[in-house]
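Please look over the sequence and the model below before reading the report.

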Amino acid sequence: MTVATKVEVQNAEAMVMSLRKPTRRRNKAHLAFVASQPCLVCQRSPCDAHHVRFAESRALGRKVSDEFTVPLCRDHHQQMHRHGNEMAWWADMQIDALREAKELWAATLLQTAPRERC
């Protein structure tokens with residue numbers, strides 16, 4: 001039986017990664033911005049900020065990050081939840097919800113970015 005050297009032990013410890021809880025981003029200003037946009041399906045307002053559930057892995061009782069939200073009017077929001085299969089519902093509507101959410105998140109980041117001084 002060989003005795004492990006200090007370097008070997010350090011290398012082994014470096015290879016072991018601890019399990020981290022997935023962090024969920026929260027941004028109330030972004031949710032308000034999304035809710036102020038017209039519905040992705042019918043262009044009506046007012047809207048709810050809908051969290052696209054398939055965007056991230058599931059966590060017990062936690063919604064996906066706020067960066068994965070899109071505007072839906074109350075009727076379409078309820079229709080989507082009643083449908084059951086969210087991915088299929090978005091496909092039926094011919095809307096790429098993740099692309100739309102990404103664009104809205106980028107717009108929010110641009111609005112909150114610090115302005116450069118001349």
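The report below covers the overall fold, one histidine, a pocket and some backbone details.

## Basis of the model

This is a predicted model, in which local features need pLDDT of at least 70 and side-chain atom pairs count only at pLDDT 80 or more, while totals for chains, interfaces and linings use all residues. Residues are numbered from 1 along each chain as its sequence is written, and side-chain values use heavy atoms, with hydrogens and water left out.

## Overall fold

The protein has five helices and two strands. Their order along the sequence is α-α-β-β-α-α-α. Helices (H or I, at least four residues) and strands (E, at least two) are DSSP runs, numbered from the N terminus.

Of the 118 residues in the protein, 30% are buried. Buried means under 20% relative accessible area, exposed means over 50%, and partly exposed lies in between (1.4 Å probe, protein chains only). The protein exposes about 9100 Å², and carbon and sulfur atoms supply 55% of this area. Accessible areas come from the Shrake-Rupley method with a 1.4 Å probe; for residues, only the protein chains shown count as cover.

A contact means heavy atoms within 4.5 Å. Among contacts in the protein with a separation of 6 or more, 69% are between residues 24 or more positions apart.

## Residue H30

H30 is in helix α2, which covers residues 28-35. H30 counts as buried because its relative accessibility is 0%.

The side chains of H30 and T108 are joined by a polar contact of 2.6 Å. A polar contact is a pair of N or O atoms within 3.5 Å; within protein, one must be able to donate a hydrogen and the other to accept it, and residues adjacent in sequence count only if both atoms are side-chain atoms. With neighbours within four places in sequence left aside, H30 is in contact with D66, E67, T69, L104, W105 and T108.

## The largest pocket

The largest pocket has a volume of about 450 Å³. Of the 21 residues that line this pocket, H51, R53, R62, K63 and V64 are the closest to its centre. On a 1 Å grid over the protein atoms alone, a pocket is an open set of points where a 1.4 Å probe fits, with protein on both sides within 12 Å along at least five of seven lines; lining residues have an atom within 4 Å of a point. Grid points are joined across faces, edges and corners, and a volume is the space filled by probe spheres set on the points.

β1 (48-51), α3 (74-83) and α4 (86-93) each supply at least two residues of the lining. The largest share, three residues, comes from β1.

## Backbone details

Most residues other than glycine have a negative phi, and most peptide bonds are trans. S45 and P46 are joined by a cis peptide bond, with omega about 0°. P46 is found in the loop between α2 and β1.

Q43 also lies in the loop between α2 and β1, and its phi is positive, near 70°. Q43 counts as exposed because its relative accessibility is 52%. Q94, in the loop between α4 and α5 (97-112), has a positive phi near 55°. Q94 is exposed, with a relative accessible area of 74%.
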